[in-house]
Amino acid sequence: MLSFNRLVLNEWLKMSKKRSFFIPYAIIAVALVALSWAFKRWGGDMIGSASEFTAMMSSTSFFGQFTAMLAVIFTAGLVASEHSLGTIKFLMIRGQSRGKVLASKYAAALLFTLSLFVWLMAVGFASGAAFFGMEAGAGAWRDLWIAGGSSFVYSIVYVTLGFMMGVLTRSTGAAMGVGMAAVVFSSLTIPKSFYKYVLFPNADLSVYSHGGQPPIEGMTLPFSIAVLAVYMVLFLGASFVTFKKRDIA
Amino acid sequence: MTQSQNIHEETAVLSLRGVSKKIGGKTIVDQLSFDVREGEIVGLLGPNGAGKTTTIRMIAGLIQMTEGDVFVRGSSIRHEWKKAIRHIGAIIENPEFYPYMTGYDNLKQYQRMNEWISNERIDEVVRLVGLEQAMKKKVKAYSLGMRQRLGIAQALLHEPSVLILDEPTNGLDPAGIREMRDYLKTIAREEGISILVSSHLLLEMEQLCSRVVVIQDGKLVTVRAIGGASAAEEKSFVRVMFRVGRFDEAKQVLGSQEHAEILQVAEEQNELLVALRYKDIPETVTALGAAGVPIYQITELKQSLEDEFLKWTGGNRIA
């Protein structure tokens with residue numbers, strides 16, 4: 001376990017030592033402060049409290065989707081860049097199994113995504129508190145957790161897809177492109193029955209909150225969770241099998 | 001040779017046994033077997049495309065072998081990869097690092113991957129390759145020579161028994177090549193590490209290695225000791241070029257000499273290439289003089305590794 005933690009630390013340092021590491025955090029902070037100011041100035045009584053603002057910002061229909069994109073962009077290169085830099089050769093001959101190395105990379109991707117959401121919530125709440133005050137109405141906290149939680153799940157799904165593409169194609173660009181395209185596609189819904197088995201309409205679990213209508217007839221929260229679980233297993237399975245077998249040339 | 005040296009020579013640190021690699025229907029490495037013994041520097045020599053890099057990658061477990069196995073200190077790389085790889089340090093093609101990190105941060109990355117590497121060990125290898133001044137600089141500011149040295153530091157960090165280097169002098173300038181060679185010799189001596197180094201640069205191999213394994217088209221061609229006893233024996237017979245005045249008479253005289261053999265005749269240049277024993281040279285010259293043959297030039301022709309290499313590999317596919 002100790003050595004796995006060290007591997008995750010390695011991966012985290014590989015991301016965080018890049019100069020571009022602070023960009024997604026900066027974008028989120030600047031955007032949230034600007035938006036809270038704009039809502040206060042022009043939004044009238046639309047938003048009443050910090051928690052309401054944060055819930056709205058972190059929902060998939062607002063800033064949650066954008067955060068998912070940031071997460072995909074900054075984790076797409078985790079595997080592919082080792083190939084393009086050539087550092088994969090050193091990484092694979094240090095006595096740590098390939099499965100463990102890949103697992104540490106995936107763990108780092110999840111940690112990074114989580115850190116973006118924690119940051120999104122923290123900045124959203126702080127900036128919301130400054131502009132709208134702290135009083136929260138009934139159920140505001142619940143809304144906040146539903147919005148943030150479903151956005152986080154949504155991000156994890158697409159980060160995993162991008163992660164798999166990075167392993168399969170060894171190209172950061174391809175991984176990023178496919179991941180982003182999938183995020184964009186997820187807002188399209190084809191009203192056909194087969195489409196409910198596709199990843200996209202299932203990725204956003206927040207549609208089931210407040211007794212909302214499912215995107216396609218017959219979809220339920222457990223159904224979507226099951227579909228997502230199957231896709232995640234597929235993505236990770238393909239990643240691990242490929243990564244373990246591959247000849248590194 | 002003392003007893004202990006004999007024993008040392010018996011122990012193979014690294015053994016390849018019938019290693020093959022097939023991709024599609026094509027055989028890239030074919031039934032390759034050889035040993036690297038304790039403290040030895042062995043060259044893996046072959047023209048481009050001979051399968052050197054593939055062999056090295058199979059030894060390091062980066063690519064899977066189709067047949068055969070590699071043993072590192074007795075552990076199979078196929079079945080006990082963790083135990084085997086622990087003894088291997090490698091630089092495969094160019095040493096690549098995370099360019100946005102400092103040299104020190106890069107080494108720390110590899111330190112975290114093996115529990116037993118101490119901070120003192122990092123300092124020690126850094127000192128060994130002489131990079132103390134550059135550790136706080138980002139790797140993107142490093143020259144190729146510095147990256148090579150950091151690569152060696154990386155490869156030595158976990159105290160391996162055998163160092164595997166793939167074309168380590170590729171792209172280095174002459175000073176860099178010499179520096180590299182000196183480092184490798186120092187390492188072999190001070191750390192007692194065996195080294196397997198692949199290259200197509202013959203002169204390089206001659207100066208660095210005690211033995212060369214020559215491969216072509218993935219097959220073992222020959223294993224030769226360099227500067228060893230067998231070479232000395234061969235040296236007692238030398239090839240001497242005589243440039244003479246009266247060609248036909250000279251030919252007659254040389255032909256009648258005992259223990260001498262005319263290898264080649266170049267009549268237009270009045271040159272005769274003769275194989276004879278070193279100690280017989282004065283006698284031969286006297287005989288030529290006695291026959292009244294004017295001698296303009298006597299030159300010993302040394303057969304270099306390059307000539308042999310060309311002979312082994314057919315000479316048409318040199319890189």
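Two exercises on a predicted model follow, each with a worked solution.

Residues are numbered from 1 along each chain as its sequence is written, and chains are lettered from A in the order in which they are written. Local features need pLDDT of at least 70 and side-chain atom pairs pLDDT 80 or more, while totals for chains, interfaces and linings use all residues; side-chain values use heavy atoms, without hydrogens and water.

**Exercise 1.** Describe how α10(B) and α11(B) cross, and name the residues that meet.

Solution. Step 1: locate the helices (DSSP runs of H or I, at least four residues, numbered from the N terminus). Helix α10 of chain B covers residues 247-256, and helix α11 of chain B covers residues 281-290.
Step 2: take the axes (lines fitted to C-alpha atoms over the stretch in contact, with angles from 0 to 180 degrees between N-to-C directions). The two axes come within 10 Å and cross at roughly 140°. Therefore α10(B) is oblique to α11(B), as angles under 35 degrees count as roughly parallel, over 145 as roughly antiparallel, 65 to 115 as roughly perpendicular and the rest as oblique.
Step 3: list the contacts (heavy atoms within 4.5 Å). Ala250(B), Val253(B) and Leu254(B) of α10(B) meet Thr284(B), Ala287(B) and Leu288(B) of α11(B).

**Exercise 2.** Describe the interface of chain B and chain A, and find a salt bridge across it.

Solution. Step 1: count residues. In chain B, 37 residues are in contact with 31 residues of chain A.
Step 2: apply the salt-bridge rule (a side-chain nitrogen of Lys or Arg within 4 Å of a carboxyl oxygen of Asp or Glu). The rule finds 2 salt bridges across this interface. Lys21(B) and Asp247(A) form a salt bridge through their side chains, at 2.7 Å from N to O.

Key
Helices (H or I, at least four residues) and strands (E, at least two) are DSSP runs, numbered from the N terminus.
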